[in-house]
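Please read them with the structure open beside you.

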Amino acid sequence: MQTAEIRQRWLDFFERNGHTVVPSASLISEDPSLLFTVAGMVPFIPYMSGLVPAPFDRATSVQKCVRTLDIEEVGKTTRHGTFFQMNGNFSFGDYFKREAITYAWEFLTGSLDSGCLGLDPQLLWVTVFENDDESISIWREVADIPMERIQRRGMKDNYWSTGQPGPAGPCSEIYYDRGPAYGREGGPEADEDRYIEIWNLVFMQFERGEGTGKDSFEILRELPKKNIDTGMGLERVAFLMQGVENLYEIDQVRPVLDAAATLSKKSYGASVEDDVRLRVVADHVRSALMLIGDGVTPANDGRGYVLRRLLRRTVRAMRLLGVEAPTFAELFPVSKNAMMAAYPELDRDFDRILRTALAEEETFLRTLSAGTVFLDEALAEVKATGSKQLAGDAAFLLHDTYGFPIDLTLEVAEEAGLTVDRDGFKALMAEQRDRAKADAREKKLGGTDLSVYSAFRALGVTKFTGYEELSTDSKVLGLIVDGADSQVASVGQIAEVILSETSFYAESGGQDSDAGFILGDGLKLEVLDVQKPVKGLISHKVLVREGEVTVGQRVSTSVDADWRVGACQAHSGTHVVHAALRQVLGPDALQSGSYNKPGYLRLDFSWNQALSLETRSEIEEVTNLAIRGDLAVSAQHMSLPEAREFGAVALFGETYDESVRVIQIGGPWSRELCGGTHVSRSSQIGLIALTGESSVGSGSRRLEALVGIEAFRSLAAERALVARMTEALKAPRELVEERLASTIEELKNAQRKLSALQSASLATRVPELISSAKVVKGVRLISQNLGALESVDDLRGLVSNTREKAGAESVVVALFAVIADKPMLVVATNEAARKSGAKAGQLVRVASAILGGGGGGKDDIAQGGGSDSTKITDAIEALTEAI
RNA sequence: GGGGAUUUAGCUCAGUUGGUAGAGCACCUGCUUUGCAAGCAGGGGGUCAGGGGUUCGACCCCCCUAAUCUCCA
């Protein structure tokens, strides 16, 4: 049975049983503490923890997941994949153990005709938590499983918690017996390769306390609402049902493996090592495909780094298979074709996905060739010293600094007949890990506790009225002072206020929060910040200016009107710039983040090179033409699929509800999903002036702009600058640039002439200097104070010139000058003088010490200086002595 | 978030306890030749990423900033 069919049967089965089908959430997790969605239940965490009331009693999903913790194990075992799909059914205070077990059994063993999987009940084993007799009796009753195929396991295997205080509970797992060919008898307790875990049922029953590890915590109490969370590994079931050996050989993955084998002219099954490499390629290509599909782009940290690693490990594996040429152009379409039955959006976005992958492959191939040069040098050096081993720190440097993978280093070293100090390398890697981990631990202490908000969120969603009005009558539902629930806050205190409804916009979608006041009877609260700490809940951070605020009090929210006008201009302006950007650069230039507040906007977008001045001007022009065009701005609500159909731009990394708000500017000209506040016609934006374009990391650029009156002020300031320049240069505006260039050119020429003139004039003094030579200890010494000179270069030129002209007989030229009010000297010796022991560097040191400074150089020429120019005569004497 | 590396002529890069910034390619001029990366001679081209500090003197040492590459979390 095809993987896509198992998936569909799953969803249909649970929908028939009253579950709401929830589409897979993005791989980019909404929870900022998680890099990716790592399990089927991740999107449901707020409902499980009670932070947000669940909108349904029971739900089911097939969730895309990425886990890279065991990335090194990929390909070596049957069941480690970096991308996988988890089928889940969930109950939020609705059904519990009995139904969960019943559904699981029915779906696995029910007949194919009835939409189930038709697995042989004789091959299924289950495990339960050691003292969970309730589950055992349900299993006996519902499935009639003999006791021999039910095993009890401890905390480590069959108890679930998040690792932190919160919900916890026992699990029951279902295993499939692959038969005696795959290992020992005795159930999952004996052999988890023969008995493959396919489904984990988690009974969220208790609340746990503080503690570390999997088993050292206290069970505090029963949960008031018990939940069910189950996860069936889609890939595992697929490989069992398709009668293949592991998850790399299922219909969604195998075609890539075959394509990699063809490209490398290897046959799968011929060599253990090559098989692992082929599986790595098959797994990583699929994971990368899915990640890029969800909007991740390669980067040097965070999610982007995980993607980069996957892509680079693929290139590396292909290299080890003997293919040095680019391969992504072949591999990615194969993976896409295998996955598109379940994920049709991959086909739609494939141009972008492939471009992203190809760009990274090209970058990495460049990195590799740079690393190869370095590695060859390092290996040659090792050989030169007669050693047989490349040091660990050299291998680490290659890996850490040049991104050259260790196993390629091993391979190349081996070809050169050398070994590599792997232990040294590992030690350095461990050191680096510890550094990063120590740092992460330090930072984590600042994590915020959101539990204080859950009670308020349970009262319902804060109604936002700010689209229609600036002022709204409301009621204080709650106060938080210093992170704790409070009944009252008085003058001078800072508090968070939860209201029944509000006209204040909370920071989101890049738009900064509104400013203004919350007013009541004798009460004045200045709003400092507005946030949504929990989905649906708006919290106002305020400073109490006058009076005292208490829970239950009637108040009215009053947003600063000027502020809001500026905020609307800036946010609509951001949409206009985004649309202009895409019009000029093409649809690849997609916004990856933004920030706007009155007068200012910032837009980060995916693009891999700096924008030229012309391109920037063009974007600015398109932007301002759209403003001048007085385009209508409208907002409408629709479902997410409808919005997609409508052509609205959804941003990656953002998560959207089922019902979304689409902002249109000029109809189809700009359509974006957005919850922000906007002007009603584009002309109200006024003016936009781009002020900067910069990089925010590889593959991502940032545009900054001023909006409205701020834009005007900035342009006015530049105009004033040009006015001052025309005045200073005495040239009309059109000629300023030319005049400036010609002035610089003239200045350069003049300087060149001047220095030529100077050295010529200095050259005329050479004969006089030579004739002034005095013989000291058998050496001719030419020493003089030349007075003020322009530069040390002149002095040095004169000294070496004099030495050349002075003939082969021994001579020491020591000339002094005052340059920029400081005494300087240059000493030169010829070969004969050096033979009789005169060293320029030594002489300079003696003389410059007298001048209150220092100096040095080589035996033939040296220079020095000091700070007291009245001592030059003394210095000449000392130098004469020193010869 | 924490490390490492790089930034020098239009391009690719040298630059040795701190003492006149170079090479190859490209460009311009001339000569020699008329062909496959032609040769010879001459020449132009540098805020040594930016800013600050130490020093008589900084491409070089110290500090800060930026960009790019890279590893780890």
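1. Two rings among Phe, Tyr and Trp (its six-membered ring) count as a pair if their centres lie within 6.5 Å. In this predicted model, Trp10, Phe13, Phe14, Tyr95, Tyr103, Phe107 and Trp199 form one aromatic cluster. The count of aromatic pairs comes to 28.

2. One pair to look at is Tyr47 with Phe56. The ring centres of Tyr47 and Phe56 are 5.9 Å apart and the planes stand at 90 degrees, so this pair is edge-to-face. The cut-off behind that label is an angle over 60 degrees. Tyr47 is partly exposed, with a relative accessible area of 22%, whereas Phe56 counts as buried at 16%. The line between the two labels is drawn at 20%.

3. A second pair is Phe328 with Phe332. Their ring centres are 5.2 Å apart and their planes are at 55 degrees, so the pair is tilted. Both residues belong to helix α10 (residues 328–339), where they are 4 residues apart, about one turn of the helix. As background, an α-helix has 3.6 residues a turn, so residues three or four places apart point the same way. Phe328 is buried, with a relative accessible area of 0%, and Phe332 is buried as well, at 1%.

4. Which residues have the most contacts inside the largest nonpolar core? They are Leu108, Trp139, Ile174, Ile198, Trp199, Phe332 and Leu390, and the core has 110 residues. With neighbours within four places in sequence left aside, the contacts of Trp199 include Trp10, Phe14 and Phe107. Other contacts of Trp199, on the same terms, include Asn89, Ser172, Glu173 and Thr230.

5. In soluble globular proteins, nonpolar side chains tend to be buried together.

6. Two charged side chains sit over aromatic rings. The charged end of Lys524 is placed over the ring of Phe517, 4.7 Å from its centre. The charged end of Arg671 is placed over the ring of Phe646, 3.7 Å from its centre.

7. Arg312 is a charged residue worth checking. Arg312 is in helix α9 (residues 302–320) and counts as buried, at 17% relative accessibility. Not counting residues up to four places away in sequence, Arg312 touches Glu360, Thr363, Phe364 and Thr367.

8. Next, helix α25 (residues 840–850). Its buried residues are Ala840, Gly841, Leu843, Val844, Ala847 and Ser848. Seen down the axis of α25, these residues fall within an arc of 155 degrees, so they line one face of the helix. What do the buried residues of α25 pack against? The partners are the strands β32 (811–819), β33 (822–829), β34 (854–857) and β35 (861–865), together with helix α26 (872–882). After α25 comes Gly852, whose phi is positive, near 85 degrees.

9. Two residues deserve a look for their backbone angles. Most residues other than glycine have a negative phi, and most peptide bonds are trans. Asp144 has a positive phi, near 55 degrees, and is not a glycine. Asp144 is found in the loop between α4 (133–143) and β5 (150–153) and is exposed, with a relative accessible area of 58%. Lys777, also not a glycine, has a positive phi of about 45 degrees. Lys777 is in the loop between β30 (774–776) and β31 (779–788) and is exposed, at 62%.

10. Last, the chain as a whole. Chain A has 26 helices and 35 strands. The radius of gyration of chain A is 38 Å, well over the 29 Å that the globule rule gives for 883 residues, so the chain is more spread out than a compact globule. Along its principal axes the C-alpha trace spans about 120 × 80 × 50 Å. Buried residues make up 47% of the 883 residues. Of the contacts in chain A with a separation of 6 or more, 67% are between residues 24 or more positions apart.

Methods. Residues numbered from 1 in each chain as written. Chains lettered and ligands numbered in written order. Predicted model: local features only at pLDDT ≥ 70, side-chain atom pairs only at ≥ 80, totals over all residues. Heavy atoms only, no water. Buried < 20%, exposed > 50% of the residue type's maximum accessible area, 1.4 Å probe, protein only. Helix = DSSP H or I, 4+ residues; strand = E, 2+ residues; numbered from the N terminus. Arc of directions from axis to C-beta. Contact = heavy atoms within 4.5 Å. Phe/Tyr/Trp six-rings, centres within 6.5 Å; stacked < 30°, edge-to-face > 60°. Lys NZ or Arg CZ within 6 Å of the ring centre and 35° of its normal. Core = buried A, V, L, I, M, F, W, Y, C linked by side-chain atoms within 4.5 Å. Rg over C-alpha atoms; globule rule 2.2 N^0.38 Å.
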